[in-house]
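Work through the exercises below with the sequence and the model side by side, and try each task before reading its solution.

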Amino acid sequence: MISRLTGNQLGALLMVGSMAGFTLNDGMVKLAGQSLPLSQILVVRGVAVSLLIYALARSYGGLRLSLTRRDWALVAGRSLAEIATTYFFLSALLTLPIANVTAILQMLPLTVTLAAVLLFGEQVGWRRATAIGAGFLGMLLIVRPGTEGFDTGTGYALAAVLCVTARDLFTRRMSAAVPSLTVTLMAAVSVLVFGLGLGLQETWQPLTLPTTLILLLAAGCIFVGYLFSVMVMRVGDVAAVSPFRYTGLLWALLLGWLMFDSWPDTLTLIGAAIVVAAGVFSLLRERPRRAAVPDLSPPE
């Protein structure tokens, strides 16, 4: 059956699978966070993730350390943005329902486009500008500033959006000679080192067999997410399958309901629908303008 799929159809399935992997990781981390401090989660999961990504990079020939000074500076900047992203994203995840955090993260294609306009002078037509405006209105329905809907967790999620946007801008400035898996490995190792540093301020808990298995499963889910995202680049038109990134929100809704018995309220769902619609429209409008897609991989 798979052999009869077109490249774009297979790419769409891989993108859906990639988003499922990343979202399942989020669920496992949220589950582990009920008994373990953030630093311990970052270190235990980070060791496994780094080893798996290293194996993936070697397998795909995606490990290259002979980069120019400029590219190394950009890789370092992206890694710092990844550290900040991971901290804010996981802090939000441990505080808010998983679907709410994921809904806020759906703003990424819009914030990346807006940042490229403001910082790099990229041209955006009135249709995409309208989509960006609609997306921000949808975000306001999700976070509801000035009401009970806005709290510290929401602030963490918004900070994560800003940090992922910065991460993407660093990625956009890198030369084509930098393998994506090398960048991913550097980011994973950086987050691991940050977790070790953060651990100096937190009290670690004894690891039980269930929590260890949960963290190893989280690492495996990230690995599947990255593996499928690499395979997408090899089988389909990336511009055609990029909108399927938004299936991550569907996975988050399902996971939040099954694992944590949580479901967003009506305003949050309406806001999420507006954000997703605006993001898909923006991606589709951007298709004829760019061959490459933004670095919108979910936070670790």
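**Exercise 1.** Are Phe22 and Tyr226 buried or exposed?

*Solution.* In this predicted model, both Phe22 and Tyr226 are buried. To see how they are arranged, begin with the search for ring pairs, which gives five aromatic pairs. Phe22 and Tyr226 form one that is edge-to-face, with 5.1 Å centre to centre and 85 degrees between the planes. This pair links distant parts of the chain, since Phe22 lies in helix H1 (residues 7-32) and Tyr226 in helix H9 (residues 209-235), 204 residues apart.

**Exercise 2.** Decide why the pair of Tyr87 and Phe194 is edge-to-face.

*Solution.* The ring centres of Tyr87 and Phe194 are 6.2 Å apart and their planes stand at 80 degrees; planes over 60 degrees apart count as edge-to-face, so the pair of Tyr87 and Phe194 is edge-to-face. Next, locate the partners: Tyr87 is in helix H3 (residues 69-93) and Phe194 in helix H8 (residues 180-198), 107 residues apart. Finally, Tyr87 and Phe194 form one aromatic cluster together with Phe88 and Tyr156.

**Exercise 3.** Classify Trp257 by its relative accessible area, and describe the patch that includes it.

*Solution.* Trp257 has its place in helix H11 (residues 247-260). On the surface, Trp257 forms a nonpolar patch with Trp251, Leu254, Leu258 and Trp263, and together they have about 580 Å² of accessible area.

Notes:
Residues are numbered from 1 along each chain as its sequence is written. This is a predicted model: local features need pLDDT of at least 70, side-chain atom pairs count only at pLDDT 80 or more; totals for chains, interfaces and linings use all residues. Side-chain values use heavy atoms; hydrogens and water are left out. Patches are made of residues with over 30% relative accessible area and no salt bridge: like charges are joined within 9 Å, nonpolar side chains (Val, Leu, Ile, Met, Phe, Trp, Tyr) within 5 Å. Accessible areas come from the Shrake-Rupley method with a 1.4 Å probe; for residues, only the protein chains shown count as cover. A salt bridge is a side-chain nitrogen of Lys or Arg within 4 Å of a carboxyl oxygen of Asp or Glu. Helices (H or I, at least four residues) and strands (E, at least two) are DSSP runs, numbered from the N terminus. Buried means under 20% relative accessible area, exposed over 50%, partly exposed in between (1.4 Å probe, protein chains only). Rings of Phe, Tyr and Trp (its six-membered ring) pair if their centres lie within 6.5 Å; planes under 30 degrees apart count as stacked, over 60 as edge-to-face and the rest as tilted.
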